[in-house]
Every structure is written in C-alpha cells, then in structure tokens.
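Colleague: Hello! Could you walk me through a few features of this model?

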Amino acid sequence: MSTASPSLELRPTPQVPGLPLLGSVLGMAKDPAQFFVDNYRKYGPVFRVNVLGNQYCVIAGVEAANFLGTREGKESLRSKEFWEGLVAEYGATRMLTGEDGESHKQLRDIMRSGYSRESIKGRYNELVAITDGALKRDWPVGTSVNVLPAMQYLVVDQLGTILTGAAPLEYVKDIRTTILHILNVLVTRQRPKILLKNPQYKKAKSRVFELGQKMIEQAKARSKTIKEEDRNLIDDIYHAHLTQPDVMPASDLIVTLTGPYVAGLDTVANTTAAITYTVLKNPDVKARVLKEVDELFAAGTVDEEGLLKKLPSLNGAIMETMRLYPIAVAQMRTATKDFVFEGHQIRAGEMIYIATSVPHFMEEYWPNVKKFDIDRYAKPRAEHMQPGVYSPYGRGPHTCLGKSLAEVQIALSMARLFHKLELELDPPNYELKTKTAPTPGPATTFKVKVKGYRN
C-alpha cells in the first residue's frame, strides 16, 4: 500500500551494494529481470541501486504494478526526464512516451485509432500476404536464418505497407542502429554519450531523418485527397499537424511519424523471435500450434472474426513467452512529488525503476514458474488474471497504445510462419542466449534451419 501521509513510521530504504563507479550496471546488464527479482526477494518492494554513478530508486513486484494504476501513482510519477534526451536528439518538443497528464492524453487521442486493432480490420489477409513475401525473401529453404534480424525486416515490411503503402526496407539497418544508440545512451543510460559521435550512428540518424522527411511528403500529398474514414496512423498524425499545430508542431513530425518503426522494430521483433524459440523448443506445444494454424488457413483466407479464440494454443504460447521473456522488464519514471510507497520515503526528483516484471518469475503466482506452460492462461486457471502479476505491455497510463494491434500482428505472423515453414533450432539442442541492450530479447546469433515448406 502507498500513501503520502507523513504520519506513518518510515522504513530505511536498503541500498544494493555494487562495484566502484559501475555500481550495479553489470548485474542489470547480464539479466535485468532476474536482477530485480533477486533484490526484491532480498530487500522487499523498495530498494536503491547505483548505475554508473547515478542513483535510482526501485519499486517492484505486484505492489508496484498495482500502484501504477492508481490515482496516486499517476500523480506521483512522470516520464519526461527519461525521454527528454531522445526528444532533444530529434530536435522535437515532445513525444508520446515522454509526456504525462493532459499532454499525454492529447497525443494518445491523436494516435489511438491508428494503433488500434480496428485500424487493420479487413486487412488481415493483406498482412498474411506481406508475411508470405517476407518468408520467401528472408527465409530460403535449406539455409540457417538469423531469426531476430529476419523478424525486424518482417515488422518493418508489415508496418510500412499497412501504414503508408510502402515498406522502407532499405532503412531497417539505419533504424536499428539509431535505436540502439539512442536508447542505450539517452534513455536507459547504459552507455556513455561519446557513442553519439560515432560516424556509423550519425549516418544512420541522418537516414532516419531522411525517411521521416519522405513520410511527411507522402502524408502531405495524401492529405489533399484522403477521406476521413480512410485515414491511417500517418494520416491522423499529419491531420493533427494541420488542424492542431500547437499540439503537433512541424518539429515533432519526424519523431512521431517514424515512431511506429522505432517501437515495433525492437519490441515486436524481439517477441516474435522469442516465440519462434519457445515453440520449437517444446515439441508438444509445436504439435498443438501446427494443428491450429493449419486449420486456420485451411480455407485459404483468414476469417477475421474471433481470430485469437481460434488459436488458443498459439495465443497461450505467445502469452507464456511474454511472461518468461518480457520486453517491459521495468518502466522508468521520475517522482513528481514526495510520496511514501510501502513505508519508504521517496523524494521529488528521484529517478525510479518500476520493476513490473518481477511477479512473472514468482512461484507464488505461477506454479512451477520456470516451466513453459501454455495452459496457464485458459479458464479455470487464468493465472494471469491475479492483480498485478502479468504486465507484458507495461502498466498504468503508459500501457502500450498499440497493444491490440500488436496482438493481431504477432498472432498472424507466427501462425503464418509455422504454417508455411518446417523449422528446426540450429543446432537442434540450442539453448536461447539473450541480449539486454537496448531492450531484452533473443541474441542476434539465434538461428533456425529452414528445412522446407509445409504448405
């Protein structure tokens, strides 16, 4: 329980010991999810860490996850400080992830429709066709495929075609390099600022700006003829620029228009790569998934009605993968005011990690917690419905805006992948290695062998 009342007896907040200068950066870099779990077990829901000389307060567990959804949580925390470096790097004034309160609501309202599941209604089969093209291009039979880069190209192919009518595949490496540097240096602050002077980064950043300018020109041209009911996310953003320039000024267009690529390239690609591993690693799960996806595509086209209900095993595999390999390990905030959380004083201006993924790894909520069990999510078990225990898309006001769209995109992509291709881990006994920078996910060295076409 949290309260701002000064009358409660306060507890001393423990400091996690670390190395000189480095602090806890090595432990966090190795496995951030496990780092937060271990320290939650040892110190409780509130503790402090040093990362490269910067002090952070950590609030963790179901206590923290539930706190984010409360009125006090919304009033006590803000996002600005963690994202202002990225905003400045783009020469912008603000972006969705770095805003709170009314400003955040304004931007969210502009983009809500474009990021919704309804935005691709009637286009599921188009999404399948895009996926087929990507599989043919990047997953040739008889080869060993690096899964994460292949998934990144697939994500950009899908988002580009659906959002703008063209997939900017020639910019994938530039987007990837720009994300890596900006998130590591300016957002998570795991790397020194000198890296922003790297010529490779400077070239990649200029290319992303070039992509942004092209998107502006495309949106400008479309704005003259597009009907309101036919507008996509890019059209909505540009329309807001024309009608509400104070809310969406020209300076913010590039960071906002390229935002879907920046968000999807890392998150959706990491997740789909991890699902590829977990399904192939578990033969019983694979058999159930193959049966489902083959039935889904038996008619040749996808019936959009109740898609996820037709794929209970695959959906269970997706949810279980997101439990065990979370993208949103912790959310980063700053305290807007003095407040007390679980008996610990937190001061205005303190930088905070909110470790909402900690309950994902706790036996108290997930029996046999390390087991890959895709039936946890079906009734009557529904283990994920316990308050605060499952946060794959974050928590609170900044819960992923594209959640419903991502659910369809991930499910259809994985269904088509397993339906079309006969895949095998390479080597067959491979144990997944992961990366943590800029966000957690499978290592780029993770490979599968494409043995042939199933369908």
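Modeller: Buried means under 20% relative accessible area, exposed over 50% and partly exposed in between (1.4 Å probe, protein chains only). Helices (H or I, at least four residues) and strands (E, at least two) are DSSP runs, numbered from the N terminus. The model is predicted, with local features needing pLDDT of at least 70 and side-chain atom pairs pLDDT 80 or more, while totals for chains, interfaces and linings use all residues. Residues are numbered from 1 along each chain, and side-chain values use heavy atoms, without hydrogens and water.

Colleague: Why is helix H3 largely enclosed by the rest of the structure?

Modeller: H3 covers residues 61–68. Its buried residues include Gly61, Val62 and Phe67. H3 is largely enclosed because, of its eight residues, the number buried is six.

Colleague: Is Leu52 buried, exposed or partly exposed?

Modeller: Leu52 sits in the loop between strand S2 (46–51) and strand S3 (54–60). Its relative accessibility is 34%, so Leu52 counts as partly exposed.

Colleague: And is Pro260 buried or exposed?

Modeller: Pro260 belongs to helix H13 (residues 259–281). Beyond its neighbours within four places in sequence, Pro260 has contacts (heavy atoms within 4.5 Å) with Tyr115, Leu159, Leu163, Leu233 and Leu265. Its relative accessibility is 4%, so Pro260 counts as buried.

Colleague: Which residues of H16 meet H14?

Modeller: H14 spans residues 283–296 and H16 spans residues 403–420. From H14, the residues taking part are Val289, Leu290, Val293, Asp294 and Leu296. Their partners in H16 are Ala415, Phe418 and His419.

Definitions and conventions. Axes fitted to C-alpha atoms, helices over the stretch in contact; angles between N-to-C directions.
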